[in-house]
Amino acid sequence: MTALFAMLLVAQAALAQTAATAPAAGAPRETPPEAGPPKDFRLPAAHKLTLDNGLAVTFVQYGSTPKAMVALEVRAGNVDEAPNQVWLADLTGDMLVEGTRTRSAAQIAEQSANMGGSVNVAVSSDLAEISADVLRESTAEAVRLVADVIRNPSFPEQDFARRRADRLRQLAIARAQPRALATEKFLAVLYPEHPYGRYLPKQEDLKALTVEQARSFHEKNYSAARSHLYVVGQFDEKQVEAAVREAFSDWKKGTPAPDAKPSPRAQRAVYLVDRPGAVQSTLYVGMPVAADPSSPDYVKLVVTNTLLGGSFMSRITSNIREQKGYTYSPSSQVSTRRRDAYWAEIADVTTKDTGASLKEIFAEISRLQKEPPTPEELKGIARYAGGIFVLQNSSRRGIVNQLRFVDLNGLPDDYLSTYVQRVNAVTPQDVQQMAAKYIQDGRAAIVVVGDLKVVKDQVTTYGTIAD
């Protein structure tokens, strides 16, 4: 039995312990077997170094499959965009694989395919990532390819026009999706004066973006001092380190990334986005929380969220899905960015039950604030949360994601190895305190995307209707 499969069984058994499903008619109710506690996660020893130009490098020998992931993380995300340049970071990332000074886009794709992988670019609020998952013997070559892609993009104008057209189509699709509209409004309400509050661009602003602006964004934000290279998997470390020094030592140092900590707004109000004739309402209910990943309360808050709405057998899910039938797949989250976090419950509910769904969400928050969970309920949730954490670290990609999370948020070296211990140390009283301290429904922004003529009267009692 593999470790991954064993941990999956632990997580499933932990969930089963918290379930309250009725037995079939006439059949005796069976008690599921006791789930064992998840084992602590142990990250293999990391070899870290920093080049003279400020580039941080982390090597981790991991797994038995003869492959390695090369991932370069650059502090150059949407947070660095001007107000009228939303998605410029994404377009800049798109252009990185459209050719370099010495390679065409086709040559980049062909070379990476010959190494058993592909070069991929992903852009988020805080970071741009250029990665390749390749065969063991190609790791050093992948390092050199990633370096060329990140350092020497050619920005061909004809390809920029095509990429911008692709983004315009994506924008049109997003504006037809209620979840995207709800997210856009929610973030704009929480972060009215910060880039974190800009989720979708205006069509005219996106059309106006130019290849010169993408070049300028790259020149300003992509540099060694803002970057961290991770190599995780099976690889010849001496050979790969030589390739890193050869490919990156003369990269410009640049300046460290600015640290623009947001000041999110928190006040109870209802924000309506009209979708005439919609048979469902999309709810986005949440508030900023002063417990980003660097806070001592963060893990406690994550466990609290898992119990309240962040797992299939959570209280809100059981209430509005299983008991009431208002929705199919509600969920809550503690969403984080650098030095920032918010809590939110998200659900698509039947239009006629919009107000009733809000009532039950707030009732579950209030119940947890007033009364701690039983030790038995929390035990199952903690084992689930610990098991999921270990599962998330059971791949090269998972290890890179966790290392990136630790470094972005300035967390201690033992953060990953002690995570499961800290999850299991959370008490029922901790959960009650976290709910009262952070999930303050009196500060909740309530976004409703739905048929205004049907839902408006249902939601007016939950807060002032705001623009």
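**A note on helix packing and cores**

1. Helix 11 crosses helix 12 in a right-handed way, meaning that the near helix is turned clockwise from the far one by less than a right angle. Helices here are DSSP runs of H or I, at least four residues, numbered from the N terminus. This is a predicted model, where local features need pLDDT of at least 70 and side-chain atom pairs count only at pLDDT 80 or more, while totals for chains, interfaces and linings use all residues. Residues are numbered from 1 along each chain as its sequence is written, and side-chain values use heavy atoms, without hydrogens and water.

2. The axes of helix 11 (residues 315-323) and helix 12 (residues 354-370) come within 10 Å, crossing at roughly 150°. That makes the two helices roughly antiparallel (over 145 degrees).

3. Contact means heavy atoms within 4.5 Å. Helix 11 brings Arg 315, Ile 316, Asn 319 and Ile 320 to this contact, and helix 12 brings Ser 357, Glu 360, Ile 361, Glu 364, Arg 367 and Leu 368.

4. Now for the largest nonpolar core, which has 62 residues. Such a core is a set of buried Ala, Val, Leu, Ile, Met, Phe, Trp, Tyr and Cys residues joined through side-chain atoms within 4.5 Å. Leu 301, Trp 343 and Leu 358 are among those with the most contacts inside it. Helix 10 (residues 298-308) gives the most to this core, with seven residues.

5. Helix 10 is mostly covered, with ten of its eleven residues buried (under 20% relative accessible area, 1.4 Å probe, protein chains only). Among them are Tyr 298, Leu 301 and Asn 305.

How values were computed:
Axes fitted to C-alpha atoms, helices over the stretch in contact; angles between N-to-C directions. Parallel < 35°, antiparallel > 145°, perpendicular 65-115°, else oblique. Buried < 20%, exposed > 50% of the residue type's maximum accessible area, 1.4 Å probe, protein only.
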